[in-house]
Amino acid sequence: MGVAIRTAGDGDRELVVRLLDEAFQNDPVSGWVFPGEEYRRTTHHRLMAAFTEIVLAEGRIDVTEDGSACALWMSVPADDHGDGGTDDDGPAQVRRTVDPENERVELIGRLTAGIHPSGRAHEYLWMIGVVPGRQGEGLGTALIASVLDRCDREGLPAYLEASSARSRRLYERLGFAPAGEPLILPDGPRMWPMWREPRADGSRDGLDG
């Protein structure tokens with residue numbers, strides 16, 4: 001599939017935030033963090049902005065040339081937990097920046113950090129978003145493929161948390177497997193930690209998202 005992809009820079013900040021905000025408006029986890037459509041519509045973008053800032057500074061954001069999809073990656077060393085280099089106060093800092101009265105903004109960061117595997121260096125797919133009108137065209141595959149190919153060449157695993165049953169099934173097709181029990185958010189949906197061992201032959205199927 002001929003999808004042009006480039007690495008995002010500081011000038012792409014607004015594009016990435018807008019893209020992620022649109023892509024995750026109906027995501028189960030976003031709905032849990034920001035319950036209510038109006039509340040989510042007016043506040044959700046702040047969390048996407050915080051994530052974008054962290055990954056622009058500490059990781060890499062790949063974006064399609066037409067601005068319809070992006071993927072946020074962190075290279076995590078063996079002794080780290082993929083939190084963007086933040087300390088234990090990181091989730092609290094994000095909450096203060098995004099929505100100080102919403103404890104779930106902080107809680108989601110602490111809970112995902114708590115299940116993040118350590119002990120092996122790996123690539124962490126923090127988020128991948130495709131604008132609603134372009135989902136199902138294989139853009140997710142195009143964004144992830146180059147990183148997974150590099151992981152295979154360098155013998156690096158990859159990790160992510162799937163935020164829906166649909167995305168979990170799609171990631172399984174790319175070689176990701178469950179990494180422990182699902183994270184059940186308090187009074188909310190599940191998140192599935194998933195791990196992918198590098199493949200010697202580089203074989204993988206497609207992701208439609």
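Predicted model: local features only at pLDDT ≥ 70, side-chain atom pairs only at ≥ 80, totals over all residues.
1. Aromatic pairs. The count comes to 6 aromatic pairs. One of them joins F34 and Y39 in an edge-to-face arrangement. Their ring centres lie 5.7 Å apart, with 75° between the planes.

2. Y39 has a relative accessible area of 28%, which makes Y39 partly exposed.

3. A further edge-to-face pair. Y171 and F176 also pair edge-to-face. Here the distance is 6.0 Å centre to centre, and the planes stand at 70°. Both Y171 and F176 are buried.

4. Ring cluster. F51, Y124, W126, Y159 and W195 belong to one cluster. Ring pairs provide the links among these residues.

5. Helix 4 and helix 5. Helix 4 spans residues 90-98, and helix 5 spans residues 103-115. Their axes come within 8 Å and cross at roughly 150°. Angles over 145 degrees count as roughly antiparallel, so helix 4 is roughly antiparallel to helix 5. The crossing of helix 4 past helix 5 is right-handed.

6. Residues in the helix contact. Helix 4 contributes P91, A92, V94, R95 and V98. Helix 5 meets them with E103, V105, E106, G109 and R110. By class, the contact holds 5 nonpolar, 1 polar and 4 charged residues.

Conventions. Residues numbered from 1 in each chain as written. Heavy atoms only, no water. Phe/Tyr/Trp six-rings, centres within 6.5 Å; stacked < 30°, edge-to-face > 60°. Buried < 20%, exposed > 50% of the residue type's maximum accessible area, 1.4 Å probe, protein only. Axes fitted to C-alpha atoms, helices over the stretch in contact; angles between N-to-C directions. Helix = DSSP H or I, 4+ residues; strand = E, 2+ residues; numbered from the N terminus. Parallel < 35°, antiparallel > 145°, perpendicular 65-115°, else oblique. Left-handed = near helix turned anticlockwise from the far one by under 90°. Contact = heavy atoms within 4.5 Å. Nonpolar A, V, L, I, M, F, W, Y, C, P; charged D, E, K, R; others polar.
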